[in-house]
Amino acid sequence: NMQCRLAARPIGLPKDSDWKFTEEPIPEAKTDGDVVVKTLALSIDPAMRGWMNDARSYLPPVQIDEVMRAGGVGKVVSSKNPKFTVGSHVSGSWGVQEYAYMPKEIQSTIGLTNIDMKLGNVSQWLNPLGMPGMTAYFGLLDVCGPVKAGETIVVSAASGAVGQTVGQVAKARGLRVVGIAGGAEKCAFAVNELGFDACIDYKSGPKAVSKGLSEHCPKGVDIFFDNVGGEILDTVMTRLRRNARIAICGAISQYNNTTAVEGPANYLSLLVNRAKMQGFIVFDYAPRYMEGIQEISQLIKEGKFISKEHVESGGVKAFPAVLNKLFAGENFGKLVLKIADE
Ligand code: NDP
């Protein structure tokens, strides 16, 4: 059972020496309530960078020598728990390892849940039906809600895991959707495949975001769903409409900073426009995930929603290199690390 553990707290972008690999015997369920899962695929998330810091946050930091935290989808291979039967598929945050031993006490903490493979495949359970999808769904409909048909929403990291679902759920509700993404290929995908009304390539030149917003949001922005922070957040703030809502979902442009994050310079736009800006954490919506799963799986079934996953191979050993792809924008769609076949 190969595992990837945190060896040192990174400064800036994680390096190989921040990780170490260990090998343990494949575990077995022994005591009542025990479950052992074989990992099929892991969700590679920007938030992982924050979990590596020794700082107060919404989850405790991963400790040095601890198996790195990660969400996954797997198959139960040994069980003394009637809720999780051998051969069934589950999701949960059991970490970067090939097999996970989960005594009863930790199963709810790591969110061990049965999943229905009729609603989506392994990768989709890590994307629109999993944590990123729920982030998009509740961030849009609850944090930015109520949303109204005809409103203009801007979403950053538009082709990524959260961004693709934000835009498509917003389109399904009649909003005008403008994405922001890095590169012509990602922007073309957002418009041609995801059905966004427009997508601004922020890498296409100086003031690209500002110019793109003038062109595609001439009346301003009602909702900004922000995944990246920094300059992009600052620029969009200058274009808010009255009663605008900004969801602070993430700030990936800041996660590897070695100096303090600078606050948004244009925040008085909130005052002028009677706007609000709110952060949120998806895990707070766990009791309501079924609402999101039902709506999104229905859209998938009706052919009104597509999901794009970027699946990397190489197993647990590949984890450090695959994680860093997120911070270079080298993922195109939800980044998934395949660990094993069924
Ligand atoms: P994505 O699939 O969107 O991948 C990350 C993308 O971020 C990259 O592909 C890249 O896209 C973009 N990016 C990377 N570096 C920069 C940069 N310096 N400036 C601008 N864009 C950059 O990841 P997720 O969908 O999984 O996550 C998106 C955001 O949502 C993250 O900030 C994450 O932390 C947050 N999140 C928050 C949750 C919550 O509960 N609040 C839960 C889940 C995620 P491009 O090539 O287009 O630049």
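How many nonpolar, polar and charged residues does the shell around the ligand have? The legend of the first view gives the count, and the legends after it turn to other parts of this predicted model.

**View 1. The shell around the ligand.** The ligand is surrounded by 31 residues. By class, 18 of the shell residues are nonpolar, ten are polar and three are charged. Gly160, Ala161, Gly182, Gly250 and Gly329 are the closest to the ligand. Three elements, α4 (131-143), α5 (161-172) and β15 (334-338), each supply at least two residues of the shell. Both domains take part: domain 1 (2-127 + 308-338) and domain 2 (131-283) each give at least three residues to the shell.

View 2. The domain assignment divides the chain into domain 1, made of residues 2-127 and 308-338, and domain 2, made of residues 131-283. Taken over C-alpha atoms, the centres of domain 1 and domain 2 are separated by 28 Å. Where the domains meet, 16 residues of domain 1 are in contact with 14 residues of domain 2. The side of domain 1 that touches domain 2 has six nonpolar, seven polar and three charged residues.

**View 3. The open sheet of six strands.** The strands follow the order β10-β9-β8-β11-β12-β13, and their pairing is parallel. At the edges are β10 (198-201) and β13 (276-279), each of which pairs on one side only. From one strand to the next, the twist averages 15 degrees. Strands of a sheet pair through backbone hydrogen bonds, and the pairing can be parallel or antiparallel.

**View 4. Strands β8 and β9, with two helices on the sheet.** Strand β8 (residues 152-156) runs parallel to strand β9 (residues 176-181), and five bridges join them. One of the residues to look for is Ser156, whose bridge partner in β9 is Ile180. Helix α6 (residues 184-192) lies across β9 and β10 and runs at about 170 degrees to β10. Helix α7 (residues 208-216) also packs on the sheet, where α7 touches β9 and β10. The direction of α7 makes about 160 degrees with that of β10.

**View 5. Two spans annotated in UniProt.** An unreviewed UniProt entry annotates residues 3-104 as "domain: Oxidoreductase N-terminal". This span is 6% helix and 33% strand, and its end C-alpha atoms lie 21 Å apart. The unreviewed entry also annotates residues 161-294 as "domain: Alcohol dehydrogenase-like C-terminal". Over residues 161-294, the chain is 37% helix and 22% strand, with the end C-alpha atoms 18 Å apart.

**View 6. Two backbone details in loops.** Most peptide bonds are trans, and most residues other than glycine have a negative phi. The peptide bond from Gly145 to Pro146 is cis, with omega near -5 degrees. Pro146 lies in the loop between α4 and β8. Asp65 has a positive phi, near 80 degrees, and is a residue other than glycine. The loop that holds Asp65 is between α1 (47-51) and β4 (72-79).

Conventions
Residues numbered from 1 in each chain as written. Predicted model: local features only at pLDDT ≥ 70, side-chain atom pairs only at ≥ 80, totals over all residues. Pairing = 2+ DSSP bridges. Helix = DSSP H or I, 4+ residues; strand = E, 2+ residues; numbered from the N terminus. Axes fitted to C-alpha atoms, helices over the stretch in contact; angles between N-to-C directions. Contact = placed C-beta atoms within 7 Å. Near = placed C-beta within 6 Å. Nonpolar A, V, L, I, M, F, W, Y, C, P; charged D, E, K, R; others polar. Domains from an automatic or database assignment. UniProt positions renumbered as here; feature names shortened; annotations may be inferred.
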